[in-house]
Amino acid sequence: MRCTTAHKLINPYIDGELKHEDSELLKSHLVQCERCSKDLQQLLSIKDAFAEFNSFTAPCGFSTRVLARIEAEEAVKTAKLPLFVRFAEVFIFLIAIFAGVFCGRLISSGLMYDKSSAIISSLSLDVFDPAPAYSLGGSYLAMMEAKNEK
Amino acid sequence: MPCSDDIELINRFRHGDKSVFEDIIVRYQDRIFNVCMHMLGNTEDAQDAAQETFLKAYRNFVDFKPNASFYTWLYRIAINTCIDHKRKPIWESIFRRNDKDEEIVIEAPSNIYCPEKAYQSKQIITALHIALKKLSPKLRAVIVLREIEGLSYEDISAALDISIGTVKSRISRAREELKTMLIDFMEQK
């Protein structure tokens, strides 16, 4: 086995990820090759040092804090519904305003039927009778006219 | 495949029982925090990243495929969260210069873990911590999952969504870089 091949196998070997046949071939090479053997020892030293690394545990209350954040996110999701309703209200209000402005423009331009002129003419003094014939005032006026004629 | 207990929790969560997520957090919080701690190097950032990992898992649970390993899926979220983390860890070089402008080795800062046992190579452990931090995030991730979490090459491949060949390549490169840095350190001594 060449050193270049052995070098590729050393890491899987120390991790126990090498097939049995390849392991045996590598071992036989390492017996004969001082350089590869030294490489292996150095890598094993690093591996041993990692084994002495501290294993950290999550701090107290970690799960409580995570659940609190989840609950806060869920609360924000439900709070969005009234906000949406508020935006909908504003939207409808704006539509009402724009509809009013639009209709006003149509009226002023005469494109829409204008009932106001009929209303105004009905209030005109020409058609307004302060004392209709069927009223008390109208009856009194009729009597006075008849008396004057006599 | 998830273990049977995980399968039960996952199924209950999928069916709307969100209270089981607390059990999931308790089951995996130490492992995830440990990974984040070794990826980021300080407690504050590791806590943030670990919390964010579980939040992302909660939000994206629908993306978890039932036939996949749950803990490798969690590891993937954790590693990606750590890589995305913007804060820089508070690491100091173990080398300082004395009055004669010679480099001397100092003790590691207090926020860096030092083993409690008396070690002949205590400073090597410290140097290894710092060397680990100097690795690129991609190389650091494979080494942390392999050396500290003890994952197999297959699990690392699943966790990082890379091929096993890439796992082998990155582990090899990471160890070579660590070896070079440690040799430099030893020569300084």
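Helices here are DSSP runs of H or I with at least four residues, and they are numbered from the N terminus. With that in hand, here are some close-ups of a predicted model.

**View 1. A:Ser28 sits in helix H2 of chain A.**
Start with this serine, which belongs to helix H2 of chain A. Helix H2 covers residues 20-32 and is where confidence in chain A is highest, at a mean pLDDT of 93. Is A:Ser28 buried or exposed? A:Ser28 has 12 other C-beta atoms within 10 Å, so it is exposed. Now look for A:Met1: it is 27 residues away from A:Ser28 in sequence, yet their C-alpha atoms are 8.6 Å apart in space.

**View 2. A:Leu44 is part of helix H3 of chain A.**
Moving along chain A, we get to a leucine in helix H3. A:Leu44 counts as exposed because it has 12 C-beta neighbours inside 10 Å. How far apart in space are A:Leu44 and A:Ile10, C-alpha to C-alpha? The distance is 10.0 Å, for a pair separated by 34 residues in sequence.

**View 3. Chain A is built from six helices and zero strands.**
Of the 150 residues in chain A, 11% are buried. Take the contacts in chain A between residues at least 6 apart in sequence: 47% of them link residues at least 24 apart. A word of caution goes with that: where pLDDT is low, the predicted coordinates should not be read in detail.

**View 4. Chain A meets chain B through 25 residues of chain A and 32 residues of chain B.**
Which helices of chain A each supply at least two residues to the side that touches chain B? They are helix H1 (3-14), helix H3 (34-51) and helix H4 (62-108). H4(A) gives the largest share of that side, with seven residues. Sorted by class, the side of chain A that touches chain B holds 13 nonpolar, six polar and six charged residues.

**View 5. Chain B has eight helices and two strands.**
Trace chain B along its sequence and you get α-α-α-α-β-β-α-α-α-α. Buried residues account for 35% of the 189 residues in chain B. Among its contacts between residues at least 6 apart in sequence, 60% join residues at least 24 apart.

**View 6. Helices H3 and H4 of chain B pack at an angle of about 130°.**
Here H3(B), residues 43-59, packs with H4(B), residues 70-84, and their axes are 9 Å apart. That angle makes H3(B) oblique to H4(B). Their crossing is right-handed. On the H3(B) side, look for B:Ala49, B:Glu52, B:Thr53, B:Lys56 and B:Ala57; on the H4(B) side, B:Leu74, B:Ile77, B:Ala78, B:Thr81 and B:Cys82. Between them, these residues come to six nonpolar, two polar and two charged.

**View 7. H4(B) also packs with helix H7 of chain B, at an angle of about 55°.**
Helix H7 covers residues 153-160, and its axis is 7 Å from that of H4(B). That angle makes H4(B) oblique to H7(B), and the crossing is right-handed. Who meets whom? From H4(B) come B:Thr72, B:Tyr75, B:Arg76 and B:Ile79, and from H7(B) come B:Asp155, B:Ala158, B:Ala159 and B:Leu160. Five residues of this contact are nonpolar, one is polar and two are charged.

**View 8. B:Asp161 lies in the loop between H7 and H8 of chain B.**
Finally, look in the loop between H7 and helix H8 (164-188). What is phi of B:Asp161 near? Its phi is near 60°, a positive value in a residue other than glycine. B:Asp161 is exposed, since 11 other C-beta atoms are within 10 Å.

Terms used: Residues are numbered from 1 along each chain as its sequence is written. Chains are lettered from A and ligands numbered from 1 in the order in which they are written. This is a predicted model: local features need pLDDT of at least 70, side-chain atom pairs count only at pLDDT 80 or more; totals for chains, interfaces and linings use all residues. A residue is buried if 20 or more other C-beta atoms lie within 10 Å of its own, exposed if 12 or fewer, and partly exposed in between; C-beta atoms are placed from the backbone. Two residues are in contact if their C-beta atoms, placed from the backbone, lie within 7 Å. Axes are lines fitted to C-alpha atoms, for helices over the stretch in contact, and angles run from 0 to 180 degrees between N-to-C directions. Angles under 35 degrees count as roughly parallel, over 145 as roughly antiparallel, 65 to 115 as roughly perpendicular and the rest as oblique. A crossing is left-handed if the near helix is turned anticlockwise from the far one by less than a right angle, and right-handed if clockwise. Ala, Val, Leu, Ile, Met, Phe, Trp, Tyr, Cys and Pro count as nonpolar, Asp, Glu, Lys and Arg as charged, and the others, Gly among them, as polar. pLDDT is the predictor's confidence in each residue, from 0 to 100.
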